[in-house]
Each structure stands twice: as C-alpha cells, then as structure tokens.
Amino acid sequence: MANTPKRITGLLYSQGKLVRGDNRVAKEMRPVDITPNVISSAEGSALIRLGETQVICTASIEDGVPQFMKGCGRGWITSEYAMIPRATDTRTPREATRGRQGGRTMEIQRLIGRSLRAVTDLEALGERTAWVDCDVIRADGGTRTASITGALVALGLACQRLFEQKVVRRNALKDYVAAISVGMVSGEILLDLDYQEDSNAEVDMNVVMTGSHQLVEVQATAEGHPFSPEDLNQLVEMARPGIHKLVAVQQSILKLNLPVH
C-alpha cells in the first residue's frame with residue numbers, strides 16, 4: 001500500500017515524506033522534564049529528560065581556582081562529561097578502562113564549560129571553582145545539548161545556595177543558557193533530533209543560546225552535501241522556539257530575576 005510507511009535506513013517514510021518515529025511535526029520537541037536536587041550531596045543537581053535521553057548533572061563548588069587564574073579574584077567553571085556503559089543500545093566500554101578520554105568527550109566537556117561561563121559572573125563567584133559533571137544514563141540523541149540545559153539548572157542551584165549562605169555577595173548567574181539540536185533530514189529541517197534522525201541527517205547542528213536570545217555557540221556540519229547561508233539561518237530560527245521552551249523550564253525551577261525575552 002502506498003500509504004504504508006516504509007523503513008529506510010532506520011527512518012519511516014510515507015508517500016515519499018519523512019514520518020518522525022514519535023509522530024512529531026518538524027518543529028516539535030520531544031517531551032522535556034528537569035527534576036532538581038536529585039543528588040543531595042551536591043551543591044546543585046538536576047536530572048534532565050529529553051525524550052528517551054536522560055542526563056544527571058551535578059555542580060560542586062570548591063575553594064581555589066586553576067593555577068592560571070590565581071590572584072585574579074575571579075572564579076572558574078569546568079565540566080566533565082561521560083556516558084554509562086549501557087546508555088546506548090549496545091554496551092560502550094568506560095573510557096577509564098581504555099586509559100584515555102575520546103576526542104568527542106573532550107569536545108563536549110569544553111562546550112559545556114564555555115556555555116556556562118558565558119552566563120556566569122566569575123568575579124561574583126570569587127576564587128572558587130564550579131565542577132559541573134554531566135553523566136548520561138540514557139542516550140537517544142542530543143546528549144550534549146541536554147547536558148548544557150540540565151547543567152545550567154545544577155549550576156544555578158549551587159550559585160543560589162552560595163548566595164543564601166552569604167558566601168558570595170550576589171548571585172553569580174547572569175542569564176539562562178540552553179541548547180537544542182536541529183538538522184536537515186531528507187531535505188526537511190527538523191527540531192530536536194533523536195538518534196535515528198541524527199545518524200541520517202544531511203546537516204547536523206547544535207545551537208547554544210542564552211535566555212536573552214544571544215548565541216553562545218553554533219556547531220553545524222554537513223554530511224555529503226554542503227548547505228547554504230540561507231539554510232543556516234533557517235536552522236538557527238528553528239532552534240529559537242525550542243530554546244525558549246527549555247529556558248522556561250529552567251526558569252520555573254530557579255525562579256531567578258534574570259533577563260528572559
């Protein structure tokens with residue numbers, strides 16, 4: 001039957017048109033939920049669920065900064081990222097057993113750290129280091145973007161605790177920041193790609209944006225065919241309402257008087 005979707009390279013098509021596996025329309029996100037304070041021993045923590053993808057984020061505050069920051073009167077934020085072995089459909093060995101981190105892991109860690117530093121007043125933090133750990137317990141696409149979004153909540157809770165305990169004079173968080181994936185799959189622009197869509201995308205993009213709609217980072221890669229500047233602009237604009245929705249979830253938890261537009 002012509003109307004029966006056919007599975008092609010893991011994707012569903014009906015009458016030549018892509019049908020998303022969970023029946024979402026192109027501009028629709030997967031269900032998102034952020035649960036705060038899931039790790040009582042951490043200064044700040046959150047569990048983010050984005051569809052099947054789940055990441056536990058914790059923020060730990062330590063006195064002192066890296067050597068290159070000493071004496072500057074400013075703090076630092078750094079991140080570590082990892083996936084548990086069965087976050088994926090088949091077991092992925094821990095990187096610790098291999099003796100070194102992979103390039104992808106190091107790239108994601110740096111991205112998370114850059115994203116959080118972009119919205120943090122490091123002078124308000126003082127000479128302290130915020131360690132933000134993001135551990136993926138289920139991976140179905142968008143783990144780095146979910147990590148950034150959840151990490152902001154964990155860091156925000158930690159900064160809030162420092163302020164309430166009068167360790168710092170003001171809350172170090174200046175703005176919200178969230179991230180979402182967009183891409184072109186079968187020539188169609190989609191928001192919030194799951195693993196199957198991401199692995200078949202002609203263009204894969206991650207957009208990191210603040211609550212005041214300023215871009216922090218855009219990572220875009222073409223697979224097989226280049227894309228135009230007009231495509232780039234359309235992809236960023238597709239991400240914008242997704243970022244707005246994620247920031248609204250963050251704001252419902254942190255309830256901080258920060259700029260959101």
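Reply: A salt bridge is a side-chain nitrogen of Lys or Arg within 4 Å of a carboxyl oxygen of Asp or Glu. The model is predicted, so local features need pLDDT of at least 70 and side-chain atom pairs count only at pLDDT 80 or more, while totals for chains, interfaces and linings use all residues. Residues are numbered from 1 along each chain as its sequence is written, and side-chain values use heavy atoms, with hydrogens and water left out.

Me: What makes R240 and E237 a salt bridge?

Reply: The closest N and O atoms of R240 and E237 are 3.0 Å apart, and the definition asks for a distance within 4 Å. The pair therefore qualifies.

Me: How are R240 and E237 placed in helix α6?

Reply: Helices are DSSP runs of H or I with at least four residues, strands are runs of E with at least two, and both are numbered from the N terminus. R240 and E237 lie 3 residues apart in helix α6 (residues 229-254), so about one helical turn separates them.

Me: Why is E237 called partly exposed?

Reply: Buried means under 20% relative accessible area, exposed means over 50%, and partly exposed lies in between (1.4 Å probe, protein chains only). E237 has 45% relative accessibility and therefore counts as partly exposed. R240, with a relative accessible area of 24%, is partly exposed as well.

Me: How do you know that R49 and D33 form a salt bridge, and where are they?

Reply: Their closest N and O atoms are 3.2 Å apart, which meets the limit of 4 Å. R49 is in strand β5 (residues 44-50) and D33 is in strand β4, 16 residues apart, so the pair links distant parts of the chain. Both residues are partly exposed: R49 has a relative accessible area of 32%, and D33 has one of 36%.

Me: What makes D192 and R24 a salt bridge, and which parts of the chain does the pair link?

Reply: The N to O distance between their side chains is 3.8 Å, and the limit is 4 Å. D192 is in the loop between β10 (188-191) and α5, whereas R24 is in the loop between β3 (17-19) and β4 (32-36), 168 residues apart. Both D192 and R24 are buried. By the same rule the count comes to 12 salt bridges.

Me: How do you know that α4 is largely enclosed?

Reply: Of the 22 residues of α4, 19 are buried, so the helix is largely enclosed by the rest of the structure. Just after α4, K166 takes a positive phi of about 60 degrees.

Me: Why is D175 called buried?

Reply: D175 has 8% relative accessibility, so it counts as buried. D175 is in the loop between α4 and β9 (177-185). D175 and A130 are 45 residues apart in sequence and 17 Å apart in space, C-alpha to C-alpha.

Me: Why is N37 called exposed, and what is its phi?

Reply: N37 has a relative accessible area of 52%, so it counts as exposed. Its phi is near 55 degrees, a positive value in a residue other than glycine. N37 is in the loop between β4 and β5.

Me: Why is H213 called partly exposed?

Reply: The relative accessible area of H213 is 25%, so it counts as partly exposed. H213 is in the loop between β11 and β12, and its phi is positive, about 65 degrees, although it is not a glycine.
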